[in-house]
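Visitor: I'd like a close look at the inside of this protein, please. Could you walk me through what is packed away there and what space is left open?

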Amino acid sequence: MSQPTDTTTQDVLLQTRAMDAYYGDFQALYGVDFHLNRGEAVAIIGANGAGKTTFLRAICGLLPSPAETVTFDGQAIGNMEAYRIVQAGIAMVPEGRRLFPSLSVEENLAVGGHTQRKGPWSLDAIYSLFPILGERRHQPGTQLSGGQQQMVAIGRALMSNPTLLLCDELSLGLAPIIVREIYQMLPRVREQGTSVLVVEQDIRQALDAADRVYCFQEGRVSLEGAPNTLTREQITQAYFGV
Ligand code: ATP
């Protein structure tokens with residue numbers, strides 16, 4: 001494994017220390033040490049079942065941890081309830097988008113604004129980021145293409161004006177050209193001061209988008225580093241374990 005980045009000199013926004021996670025008796029994460037600096041975009045890559053989604057769920061409070069296992073913006077949040085974590089400034093774009101089918105694009109976006117956190121994101125700002133959503137604002141979410149639904153899911157999360165945006169498999173089920181279009185939003189999101197953590201099976205997309213990458217393998221961190229410091233062999237070994 002590469003040397004972990006020194007966290008003492010950086011402005012750490014999110015940190016996990018020795019995070020374990022369980023589904024009943026089944027252990028899905030083993031001692032995950034992770035950090036994300038303020039302003040960074042970090043990607044987690046790894047094969048099916050490596051524990052990537054579980055890690056995001058644990059950060060969001062959907063799986064319990066001891067309080068000090070997760071710190072965010074200087075606060076121990078490991079045992080905080082999910083809704084309070086959203087209020088603290090973490091928003092998740094879930095795998096599979098999970099829009100409200102009977103609601104319009106605009107109504108889906110408005111749901112994300114219920115926290116009333118102050119910040120740069122509003123309906124107008126989301127329509128500027130994804131103009132097609134403005135054109136379709138009155139259509140039900142279900143009448144949109146997969147890529148457009150993904151945009152709504154991202155917009156809904158941004159509407160809570162998060163300090164940290166978590167994205168789970170944005171590329172799932174989408175054509176490569178659509179995935180590229182969606183990832184084009186990242187620099188604009190970061191310009192607004194929002195840090196980003198993406199979970200991504202598309203390794204190339206992850207390496208392109210992120211300042212640093214973690215690879216998970218069977219519930220453990222198998223590699224960490226900046227994309228330009230990692231060799232293809234290291235990544236293959238960390239991803240597949242071969
Ligand atoms: P994928 O890309 O398939 O979503 P992942 O890296 O996100 O993979 P997780 O979904 O976090 O992996 O799953 C990690 C492990 O936990 C897997 O072995 C999976 O079968 C198991 N797991 C996930 N969700 C549950 C659940 N609700 N109950 C029991 N086991 C689960």
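Guide: Happy to! Let's begin with a term: a residue is called buried when its relative accessible area is under 20%, and exposed when that area is over 50%. Please keep in mind that this is a predicted model.

With that cut-off, C215 counts as buried, since its relative accessibility is 1%. C60, at 8% relative accessibility, is buried too. A disulfide is a covalent bond that links the sulfur atoms of two cysteines. Searching the whole structure turns up zero disulfides. For C60, the closest cysteine sulfur belongs to C167 and is 11 Å away, which is too far for a bond. For C215, the closest cysteine sulfur is again in C167, this time at 19 Å, also too far for a bond.

Now to the nonpolar packing. In soluble globular proteins, nonpolar side chains tend to be buried together. The largest nonpolar core here has 45 residues, and those with the most contacts inside it are V93, L133, I154, L158, L170, M185 and V189. Helix 6 supplies the largest share of this core, six residues. If you zoom in on L158, you will find that it touches W121, I126, L129, L165 and V189, leaving aside residues up to four places away in sequence. Another core lies apart from this one; it has 30 residues, including M19, V42, V199 and V221.

Spanning residues 105-112, helix 3 has V105, N108, L109 and G112 as its buried residues. These cover an arc of only 95° around the axis, so they sit on the same side of helix 3. The general rule is that an α-helix has 3.6 residues a turn, so residues three or four places apart point the same way. Among the elements covering the buried residues of helix 3 are helix 4 (123-129), helix 5 (131-135) and helix 6 (146-158).

Finally, the open space. The largest pocket has a volume of about 620 Å³. It is lined by 26 residues, of which V86, A91, M92, P94 and R156 are the closest to its centre. Helix 1 (52-59), helix 2 (82-88), strand 6 (90-93), helix 3 and helix 6 each give two or more residues to this lining. Helix 2 gives the largest share of the lining, five residues.

How values were computed: Residues numbered from 1 in each chain as written. Predicted model: local features only at pLDDT ≥ 70, side-chain atom pairs only at ≥ 80, totals over all residues. Heavy atoms only, no water. Buried < 20%, exposed > 50% of the residue type's maximum accessible area, 1.4 Å probe, protein only. Helix = DSSP H or I, 4+ residues; strand = E, 2+ residues; numbered from the N terminus. Arc of directions from axis to C-beta. Contact = heavy atoms within 4.5 Å. Disulfide = S-S within 2.5 Å. Core = buried A, V, L, I, M, F, W, Y, C linked by side-chain atoms within 4.5 Å. 1 Å grid on protein atoms, 1.4 Å probe; cavity = no way out; pocket = protein on both sides within 12 Å on 5 of 7 lines; lining within 4 Å. Points joined across faces, edges and corners; volume = space filled by probe spheres on them.
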